[in-house]
Amino acid sequence: MVRLAPSSAPYTSILISHGDGRSLDTASVIQPQTLATVGLSIILFSIRLTAVNLSEGMLTLLQRIKDSKITLKGDLEFVNDWQYFSLEPSAEHDQLTNTGPYAGTLSSFAAGTRLRTRYLHLLTSIPNSQTTNFWASDCNRVIETARYFATGFFGLDWNSTSAKLHVIPETPELGADTLTPGDTCLKYREDLMTGHDYGLIQLTKFRSTYLPAISARFQAQNPGIKFTNGELYSMQEMCGFEILVRGSSPWCDIFNHDNWLNFEYARDVIHYYRAGPGNRFGPAMGWLWLNATANLLSKGPDAGKLFFSFVHDGDIIPMLAALDLFHSKERLPVSHRPKIRQWRTSQVVPMNGRIIFERLKCNRASKEKLMDQEKTPKHYVRINVNDGIVPFPHCTSGPGSSCPLEDFLAIVQRRGREIGDFRKICGLGDDAPARIEFLHQ
């Protein structure tokens, strides 16, 4: 079930990378012997308790049940004695979780330690006199995620010796020079039909295809109360968030497997249409970080060997749309759940999800074996999504499903031309920043 509650459940490694369900072996992250990693850029998502708007919906639902004076029966009988998973909702919601087996503090530190193990050769190759810059958007839980990660990756004294955290404001005047383009894209925020709210509009349509049957089941057990689609959806969300805090949740048990498959798809729908490929602003917002990362990878180790960016899940989704990594020929339907699809949010943005761009080069031994070194690319790019290598669309000719660097750069530039100018799409003036400028060592 954990895999079916995207954005509200603990981190899990990617399970599949193909719409037809073919398995992706997470051992594929093991580097081919013919290649050596010489630089990387990573974007990460934090682990939080429920967002304020979600918690308000959950608390309103629980208060309505209490006010009804009904003793619930059947599947919902546990609610009569159940206690909400936060003692101080107003203070704790939207913050990094710090209790339970899936605590955000623990998971962020563990992620740092795990990546330190994998990329220790890059870390130790940086001179002691050099400080590694890394970045977080200006949100407390995102900043705390970055700090705990840095402790695991750089060590306890990172703040005074080896690394420096830069906080990028989440304010509209930054234009394209931002980690959170959803806050700076004016038309995206103002367009109530095809902008930010488009995801919720499409989600509402799909929820109506499966939640009424669940409502009927609960009402048959409890004739005195009827739950709305929004309330039932809150119950499903509570499952994932309670797992984060307590390690398990009785809310998970009141829904069957098909219900959870529908919930997973519902999360696919909201992200796809809110800031992903199904939103006309999504690719333009995501191209900013993608282009900045491509520029860093093109320059190689001279530009720096390690780049870490910490953001919200809603800022990772547009980048994937810009790269067209999980391409779908048809838009996600809201009338039913398709059996086969490429776009699966649960695979991309679980809590503490991460996407890594690796710059690789042929090692000396492999070069000696090449028959025609002049025509063979010497540098490659590989993308790691939650501990699984996902091939670039139409670019897998390199070792280990990697893409030749020059081909990757051409893909990014082509996508930039297809997508268009961020400022024009977002209704910003010519005086607004046109690109990300802060991402450098």
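**Exercise 1.** Work out in which hand helix 3 passes helix 5, and which residues make the contact.

*Solution.* Helix 3 passes helix 5 in a right-handed crossing, where right-handed has the near helix turned clockwise from the far one by less than a right angle, and left-handed anticlockwise. A quick word on the ground rules: this is a predicted model, with local features needing pLDDT of at least 70 and side-chain atom pairs pLDDT 80 or more, while totals for chains, interfaces and linings use all residues. Residues are numbered from 1 along each chain as its sequence is written, and side-chain values use heavy atoms, leaving out hydrogens and water.

Next, the geometry. The axes of helix 3 (residues 104-118) and helix 5 (residues 140-154) come within 7 Å and cross at roughly 35°. Axes here are lines fitted to C-alpha atoms over the stretch in contact, with angles running from 0 to 180 degrees between N-to-C directions. Helices are DSSP runs (H or I, at least four residues), as are strands (E, at least two), numbered from the N terminus.

Now the contact (heavy atoms within 4.5 Å). Helix 3 brings residues including Thr105, Phe109 and Arg116; helix 5 brings, among them, Tyr148, Phe149 and Gly152. The contact residues divide into seven nonpolar, seven polar and one charged.

**Exercise 2.** Find the salt-bridge partner of Arg118 and say where each residue sits.

*Solution.* Start with the cut-off: a salt bridge puts a side-chain nitrogen of Lys or Arg within 4 Å of a carboxyl oxygen of Asp or Glu. The whole structure has 18 of them. Arg118 pairs with Asp387, closest N and O atoms 2.9 Å apart. Arg118 lies in helix 3 and Asp387 in the loop between strand 6 (379-385) and strand 7 (403-404), 269 residues apart. At 23% relative accessibility, Arg118 is partly exposed, whereas Asp387 is buried at 3% (buried is under 20% relative accessible area, exposed over 50%, partly exposed in between; 1.4 Å probe, protein chains only). Zoom out, and Arg114, Arg118, Arg354 and Asp387 are linked in a salt-bridge network.

**Exercise 3.** Why are Arg415 and Glu418 separated by about one helical turn?

*Solution.* First, the pair: their side chains meet in a salt bridge (3.0 Å, N to O). Then the spacing: they are about one helical turn apart because they sit three residues apart in helix 16 (residues 405-419). Last, accessibility: Arg415 is buried at 14%, while Glu418, at 47%, is partly exposed.

Technical notes:
Ala, Val, Leu, Ile, Met, Phe, Trp, Tyr, Cys and Pro count as nonpolar, Asp, Glu, Lys and Arg as charged, and the others, Gly among them, as polar.
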